[in-house]
Amino acid sequence: MTDQAIPAGDRAGKHDAVRPTLHDPARLRRRYAAERRYQAYGLAAILFGLGFLVFLFGSIIGNGWSAFLQTGIRLEIALDKSVIDPAGRGERRTLQTADYTKLAREALYARLGGRPADRKERNQMNGLLSANVDTQIRDAVLADPSIIGTTRVFWVNAQGNVDQLLKGRIDRSIPESRRQLSDRQLAWIDAMVATGEVARRFNWPLFTAGASSQPESAGVGVALIGSFFMMLTVVLLAVPLGAMAAVYLEEFAPTNRWTDLIEININNLAAVPSIVFGLLGLAVFINFAGLPRSASLVGGLVLTLMTLPTIIIATRAAIRAVPPSIREAALGVGASKMQTITHHVLPLALPGIMTGTIIGLVQALGETAPLLMIGMVAFVIDHPATPLEPSTALPVQIYMWATSAERGFVERTAGATIILLLFLFVMNAAAVLLRRRYQKKW
Amino acid sequence: MVDMSVKDLSESAAVAEPAKPKITARKTCVFYGEKQALFDVDVDIPGNGITAFIGPSGCGKSTFLRCINRMNDTIAIARVTGEIKVDGVDVYDRALDVVELRARVGMVFQKPNPFPKSIFDNIAYGPRIHGLVKTKAEAEEIVVKSLQRAGLFEEVKDRLAEPGTGLSGGQQQRLCIARAIATSPEVLLMDEPCSALDPIATARIEELMDELRQNLTIIIVTHSMQQAARVSQRTAFFHLGRLIEEGPTTGIFTNPKNQRTQDYITGRYG
């Protein structure tokens, strides 16, 4: 490069005049400068990337940390038998449909100085409570019907705007007419915060609850179960299938046009956009095989198809990385081909296979597009007990919350992203650890 | 009288018919795809002793060695014609089980290649897969015996559970020899076993070979003519895929019949 930069005539002249010496200070300086320059470029590229990463995590964590806290209101609720179960027969259906909201509201009125005669004022008080406050009380009653008739302490969810106020996202300085909470509501909240009756508590329901139209009672519980079922399907199907295909292709398959074709297609499949696998799943598993829509089994099958090429390629690379000298040693003492593979090649390739598998699983866990195609983007409230029941997946849940308008869903979106990222980090760390732990030992 | 005549007869028979060769090759050719690597090798290798294969790189000596226990099978494009017999049995016979052959014809490779397992398991592996040992005690007996024969026992007897890959290069190679003789083979093929070792480790291996040759047929491929002269009783010289000359080592080195052998051993090429 440098030589070409010098005009040809010049160079020829120089050569004639003096023999080039190895110690040419100008040349040396240029070489050192070039080395420093390249290092600086590399460093700049890494810093640029790191900067983006920090910004990304900063914004996700800044938005999402508050999702792990939820504002609750401490209420002493009298579980009035005449409201819950006037007939006293204790039927489950009666207990399920009772007006628990009324009980919670009465408790709040009592706390704030009696039931106001003014309907507007009542509405303002009601507005402090989450619209789903009844489910909390109902679940407690259904779990233990003997508490009917007693007075119990409940931490019920506050309405989304109250939650946002405590998290500092509502500006008190804007005029009352344009604020989500009125002056009176602010006064009530402040008084109860002072006594500790309104407080932020750790948000366990975020991990257990299903879908909800109210951000304060929505959680990733259903999505976690769905993602778990899908990962289970992928592990049970893709790992054995992928490993066996890779062993056959690497150790037994004859080298001919067919195996070449298969190899090319496996590499191509790894690059096929995931939405195409979603379409395939829709056509084959749902329309042809008649499996239920929105089921995590179908999601798992689609993700299996998607992960299979990754696992096959990783496994083949791991098998190929086992040095031929080990194979020769085994064959040399008279091990059969099968024995050579099962006793020596596979155990040595196992860390590589596991690493590849985990990377494939991480890919599958974060996949969204194919799941949209098979209807896993659904409003699922009840926890699925089997992989055949409707469910969602973590990334799909994030997608659904991201498209919701309420302020509360923004923090939920970021919170679910943190949960997803944590899973991915843990799995990636496991892959790295496996690689470190069983690094080449021959 | 009668006794004498019988004895005479048996003696004369022994003189008339030389010891049956352990390994015979007739018109052995090896092809790698289109390329022929070995041309019509005819050789008889007697039992119990060391035969050295010498020759410049790429002359086919390793290729021929690997035919004897069919290690060439692992190369998809390799094809062997002609015949090679060990104890009169054609090794390329379809009916022959290659696993059994390799237990009888052991092999030591250029680079020491112990399994990444314990020293004990390295040696016990062969006997175990061939069903030669049933119990732990039997395995222990074979491991100790093989290590003793390979002259390694004293050095490793306190660390049999440690990985074989943790030994020094020379120890690893002796471990590989112990592993190869653990299945009690009759023939031991050694493919440049000392080329990755220092002179002291090499000397130990050569001593070991000299002890083993009493009841083992050893064939060694070597680049070192000094090594061939030191350890072998017979030497075969290969050049460009052909067997040029074969005979007692002293004859090859002092009075070669072929000009190319002469040139090689005097260092004109190679």
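How many bridges join strand β1 of chain B to strand β4 of chain B, and which way do the two strands run?

Reply: Eight bridges join β1(B), residues 23–32, to β4(B), residues 78–86, and the two strands run antiparallel. This is a predicted model, in which local features need pLDDT of at least 70 and side-chain atom pairs count only at pLDDT 80 or more, while totals for chains, interfaces and linings use all residues. Residues are numbered from 1 along each chain as its sequence is written, and chains are lettered from A and ligands numbered from 1 in the order in which they are written.

Start with that strand pair. I23(B) has V86(B) as its bridge partner in β4(B). Strands here are DSSP runs of E, at least two residues long, and helices are runs of H or I, at least four, both numbered from the N terminus. Strands pair if DSSP finds at least two bridges between them.

Now widen the view to the sheet. It is open and has four strands, in the order β2-β1-β4-β5 of chain B, with antiparallel pairing. Its edge strands are β2(B) and β5(B), the latter at residues 89–90. Each of these edge strands pairs on one side only.

A helix goes with the sheet. Helix α2(B), residues 61–68, lies across β1, β2 and β4 of chain B. It runs at about 115° to β1(B). Angles go from 0 to 180 degrees between N-to-C directions, with axes fitted to C-alpha atoms, for helices over the stretch in contact. Contact means C-beta atoms, placed from the backbone, within 7 Å.

D40(B) is not a glycine, yet its phi is positive, about 40°. S184(B) sits in the loop between α7 (169–181) and β7 (187–191) of chain B. With 17 C-beta neighbours inside 10 Å, S184(B) is partly exposed.

Next, the contact between the chains. It takes 16 residues from chain A and 21 residues from chain B. On the side of chain A, α16 (324–332) and α17 are the elements that give two or more residues. Helix α16(A) gives the largest share, six residues. By class, this side has seven nonpolar, seven polar and two charged residues. Charged means Asp, Glu, Lys and Arg; nonpolar means Ala, Val, Leu, Ile, Met, Phe, Trp, Tyr, Cys and Pro; the others, Gly among them, are polar.

Helix α17(A) also packs inside its own chain. The axes of α17(A), residues 337–365, and α20(A), residues 407–437, come within 9 Å and cross at roughly 170°. That makes the two helices roughly antiparallel, a term for angles over 145 degrees. Residues in this contact include P351(A), M354(A) and I358(A) of α17(A), and F423(A), M427(A) and R435(A) of α20(A). The contact has 13 nonpolar, two polar and one charged residues.

Last, chain A as a whole. Chain A has 20 helices and three strands. Its radius of gyration is 32 Å, well over the 22 Å that the globule rule gives for 442 residues, so chain A is more spread out than a compact globule. That radius is taken over C-alpha atoms, and the rule is 2.2 Å times the number of residues to the power 0.38. The C-alpha atoms of chain A fill a box of roughly 110 × 65 × 40 Å along the principal axes. Buried residues are 35% of its 442 residues.

Notes. Angles under 35 degrees count as roughly parallel, over 145 as roughly antiparallel, 65 to 115 as roughly perpendicular and the rest as oblique. Two residues are in contact if their C-beta atoms, placed from the backbone, lie within 7 Å. A residue is buried if 20 or more other C-beta atoms lie within 10 Å of its own, exposed if 12 or fewer, and partly exposed in between; C-beta atoms are placed from the backbone.
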